Amino acid sequence: MRQYYSYADFRQDALALAKQIEQDFKPQAIIAILRGGMTLAHFLGLYWDIKEVYAINASSYSRERTQGTLEISNVPTLQAQHQRVLVVDEIVDSGKSFLGVMDILQKQYPYVCFKSAVLFAQKSARYQADFVLKEAKCWIDFFWEVDLQGGSLAP
């Protein structure tokens, strides 16, 4: 079973997630796990007027949607004044990427309080994000993955 996740759903959910996060955490910077977290990080940065939006690459999925070795690169250089940083992705599936990213970030920046946020999470994931909006119950086709597939708008 698959679920199409539209822009309208994303817009509504990004706002709901932002409101959930700001009840407990006031980030000074945002790190997007690329590529899935990029759209969410951009929206949250605009919502909170945070210009310090960074990116980190973490990938373990192949084009065939099978998991392999986790590769992490492009670790951002955070400014000393960033004491509270939110790390975002669209989904926690197995938790492998988030575990790797959070481990690297904590080792490189032990003085920073990192919190994590996702739109969706699998209950069985090895990593549990600090802020989760919805449970992932099937494969989710995010609008940014399918609407521009192949370089053109999908019908």
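## Reading the cores and helices of a predicted chain

Me: Where do I start inside this chain? Which residues of the largest nonpolar core touch the most other members?
Reply: Ile21, Leu44, Leu86 and Val88 do, out of 27 residues in that core. Keep in mind that this is a predicted model. The general idea is that in soluble globular proteins, nonpolar side chains tend to be buried together.

Me: Which elements give two or more residues to this core?
Reply: They are H1, strand E2 (29–34), H2, strand E5 (84–92), strand E6 (113–121), strand E8 (139–142) and helix H4 (143–146). H1 supplies the largest share, five residues.

Me: Take Leu44 as a case. What does Leu44 touch, leaving out residues up to four places away in sequence?
Reply: Leu44 touches Ala14, Ala18, Ile21, Ile30, Leu86 and Val88. There is also a second, separate core, with 22 residues. Ile56, Val87, Val112 and Ala121 are among its members.

Me: How do I read a helix that has one buried side?
Reply: Start with the geometry. An α-helix has 3.6 residues a turn, so residues three or four places apart point the same way. Now look at H1. Its buried residues are Phe10, Asp13, Ala14, Leu17, Ala18 and Ile21. Seen down the helix axis, they fall within an arc of 145°, so they line one face of H1. Ala8, Arg11 and Gln12, on the other side of H1, are exposed.

Me: What do the buried residues of H1 pack against?
Reply: They pack against strand E1 (2–5), H2, E5, E6, strand E7 (131–135) and H4.

Me: How many residues does H1 have, and what span does it reach?
Reply: H1 has 16 residues and reaches 22 Å from its first C-alpha to its last. That is close to the 22 Å expected at 1.5 Å a residue.

Me: Asp13 has an acidic side chain. Is Asp13 buried or exposed?
Reply: Buried. Its relative accessible area is 6%, and the cut-off for buried is under 20%. Asp13 sits in H1 (residues 7–22). Not counting residues up to four places away in sequence, Asp13 touches Tyr5, Leu119, Leu133 and Lys134.

Me: Which residues of H2 are buried?
Reply: In H2 (residues 36–48), they are Gly36, Gly37, Leu40, Ala41, Leu44, Gly45 and Trp48. Viewed down the axis of H2, these fall within an arc of 135°, so they line one face of the helix.

Me: What should I check in the backbone around H2?
Reply: Check both sides. Arg35 is in the loop between E2 and H2. After H2 comes Asp49. Its phi is near 55°, a positive value in a residue other than glycine. Asp49 lies in the loop between H2 and strand E3 (53–61). At 58% relative accessibility, Asp49 is exposed.

Me: Where does Asn74 lie, and what is its phi?
Reply: Asn74 is in the loop between strand E4 (67–73) and E5. Its phi is positive, about 65°, although Asn74 is not a glycine. With 45% relative accessibility, Asn74 is partly exposed.

Me: Now the whole chain. How many helices and strands are there?
Reply: The chain has four helices and eight strands. From the N terminus on, they run β-α-β-α-β-β-β-α-β-β-β-α. Of the 155 residues, 43% count as buried.

Me: What does the radius of gyration tell me?
Reply: A compact globule with 155 residues would have a value near 15 Å, and the chain agrees at 15 Å. Along its principal axes, the C-alpha trace spans about 45 × 35 × 30 Å.

Definitions and conventions
Residues are numbered from 1 along each chain as its sequence is written. This is a predicted model: local features need pLDDT of at least 70, side-chain atom pairs count only at pLDDT 80 or more; totals for chains, interfaces and linings use all residues. Side-chain values use heavy atoms; hydrogens and water are left out. Buried means under 20% relative accessible area, exposed over 50%, partly exposed in between (1.4 Å probe, protein chains only). The arc is that of the directions from the helix axis to the C-beta atoms. Contact means heavy atoms within 4.5 Å. A nonpolar core is a set of buried Ala, Val, Leu, Ile, Met, Phe, Trp, Tyr and Cys residues joined through side-chain atoms within 4.5 Å. The expected span of a helix is 1.5 Å times one less than its number of residues. The radius of gyration is taken over C-alpha atoms; the globule rule is 2.2 Å times the number of residues to the power 0.38.
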